[in-house]
Amino acid sequence: MGLLIRSGEIVTAADRYIADLYVDEGKVLAIGANLEKRGAKDEVIEASGKFVFPGLVDPHVHMALGFMGTVSADDFEAGTASGVSGGTTTIVDFCIPPRGTPLLNGLEEWKARAKRSVADYTCHMAITGWNDHTAEEMRRVVEDHGITSFKVFMAYKGAIMVDDGELYQVMKQAAKLGAVVTVHAENGDAIALLQQELIAKGDTGPEYHPVSRPSSVEGEATNRALMMARLHGATAYIVHMTCREAVEALERAKLSGQHCYGETCPQYLLLDDSVFAKPDFEGAAYVMSPPIRPAHQGHHDALWRGLASGMLDSIGTDHCPFTIEQKRMGKDDFTKIPNGAAGIEDRLQLLYTYGVCEGRFDLQRMIALASTNPARIFGLYPRKGTIAIGSDADLVVYDPAVSGARSAKTHHSKSDRNIFEGFKVRGAPTHVVVNGRVQYANGALKVERGAGRFLTRAVTRARSEATPRPAGAALP
Ligand code: URP
Ligand code: ZN
Ligand code: ZN
């Protein structure tokens with residue numbers, strides 16, 4: 001059964017124009033004026049006065065993540081369904097094998113969990129340690145399994161953090177493979193000591209979480225990650241950037257010619273550290289790492305400016321919800337509060353309202369940041385991330401005329417808190433099409449467990465481009 005979307009304003013990272021769209025067999029087959037139905041049973045969506053966006057790609061989510069003694073509250077079915085209702089039709093999750101576990105064993109387990117997805121999915125492969133087999137395992141992950149990006153955590157000491165030697169090895173091997181290295185950049189050693197000192201003083205509440213992770217530790221680690229990537233000619237992608245120091249580090253690297261990318265998330269643009277002062281342990285709902293930053297230190301402006309100027313490349317969500325019950329694991333010790341919050345469903349409406357309507361960037365830049373760039377950087381483009389003949393029929397019909405507010409009462413995540421609770425939003429998806437099927441229509445989800453497909457990806461950078469510069473031509 002085909003689907004005809006009539007008279008919508010199609011918005012891609014490159015264009016805006018009014019046209020009809022015809023899709024069938026999961027692909028965009030025609031774009032033009034006065035298109036007709038091709039079969040009697042074809043569905044028609046009248047989109048006059050509405051936008052038609054490519055389905056958003058979320059480059060950073062954690063479904064069913066075993067982390068900090070518990071498991072994130074959305075499994076792949078709930079999390080991707082939540083994403084679909086908010087216009088996200090492709091996710092890049094993380095496979096995080098514990099230190100010492102062969103990468104391919106971890107991948108098998110991750111795939112068993114991920115196959116419940118209602119939308120298409122892939123993952124970044126986390127490297128949580130280094131041994132004699134890791135380089136070869138990384139090669140197999142890229143060449144045999146189509147996973148062309150890795151992840152390293154420079155924080156979470158004693159759990160998934162890598163040290164500098166390990167970071168060095170990962171960057172070196174990723175450069176040889178032409179793969180991207182995504183990096184959680186915070187100085188884990190400094191954080192571990194700051195945490196110990198605070199707890200020893202009796203400073204145990206959630207409001208001390210940001211105190212234990214100041215922006216300087218993020219700035220330093222961002223510089224260090226970029227230096228390690230530069231040493232080997234690897235492509236680094238810094239995830240969930242929150243602060244001025246980190247943006248400045250990325251800017252310096254980019255302006256000196258380094259091939260690197262930066263991501264931020266709506267919570268770092270729209271929330272400030274006053275959230276930690278909420279009574280009755282409600283501040284715990286906002287505990288994530290790196291932390292939400294203070295309002296008056298220039299962090300929010302640096303992020304918004306980075307997004308508009310091209311210094312930052314993408315906006316993910318770091319969707320990693322925990323219920324307040326799970327957060328209570330840290331009621332006497334903030335270092336035990338599971339880190340993370342929901343966000344996959346909120347991203348599009350927040351970016352449209354606070355990015356586009358408030359004049360911080362235009363519609364096409366919004367699509368670039370939330371769909372096209374993640375698809376390009378991670379080897380999914382043009383199958384994902386745009387609307388073009390032959391692309392997957394992942395589409396969002398967005399009505400800019402309606403308004404509402406984000407709330408845990410209406411979101412589809414299993415999280416019982418919404419960190420954007422009460423945030424007013426303009427516009428909403430009326431229809432979300434995943435692989436040619438309408439999975440969300442006028443408030444009703446019609447998803448199918450397991451309908452999502454594992455996406456294999458190609459390397460986006462030729463190996464020859466990813467070689468270190470000769471001595472003398474080294475970047476500072
Ligand atoms: O607090 C966060 N961000 N939780 C998820 C894991 C990570 O660091 O991305
Ligand atoms: Zn992280
Ligand atoms: Zn994350």
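Predicted model: local features only at pLDDT ≥ 70, side-chain atom pairs only at ≥ 80, totals over all residues.
Local features require pLDDT of at least 70, and side-chain atom pairs count only at pLDDT 80 or more. Residues are numbered from 1 along each chain as its sequence is written, and side-chain values use heavy atoms.

The zinc ion (ligand 2) is coordinated at 2.1 Å by His184 (ND1) and His240 (NE2). Donors are N, O and S atoms within 2.8 Å of the metal (3.2 Å for Na, K and Ca); water is not among the atoms, so sites may look incomplete. The 4 donor atoms subtend angles of 57 to 152°, so the arrangement is irregular. Irregular covers anything other than tetrahedral (four donors, all angles between 85 and 135 degrees), or square planar (four) and octahedral (six), with opposite donors over 155 degrees apart and all others between 65 and 115. Histidine 184 and histidine 240 are buried, that is, under 20% relative accessible area with a 1.4 Å probe, protein chains only.

The zinc ion (ligand 3) lies 3.8 Å from the zinc ion (ligand 2). Its protein donors are His60 (NE2), His62 (NE2) and Asp318 (OD), at 1.9 to 2.2 Å. Their spacing along the chain is H-x1-H-x255-D. Histidine 62 and aspartate 318 are both buried.

Helices α3 (residues 134-143) and α4 (residues 164-177) have axes that come within 10 Å and cross at roughly 40°. Helices are DSSP runs (H or I) of at least four residues. Axes are lines fitted to C-alpha atoms over the stretch in contact, with angles from 0 to 180 degrees between N-to-C directions.

Notes:
Chains lettered and ligands numbered in written order. Buried < 20%, exposed > 50% of the residue type's maximum accessible area, 1.4 Å probe, protein only. Helix = DSSP H or I, 4+ residues; strand = E, 2+ residues; numbered from the N terminus.
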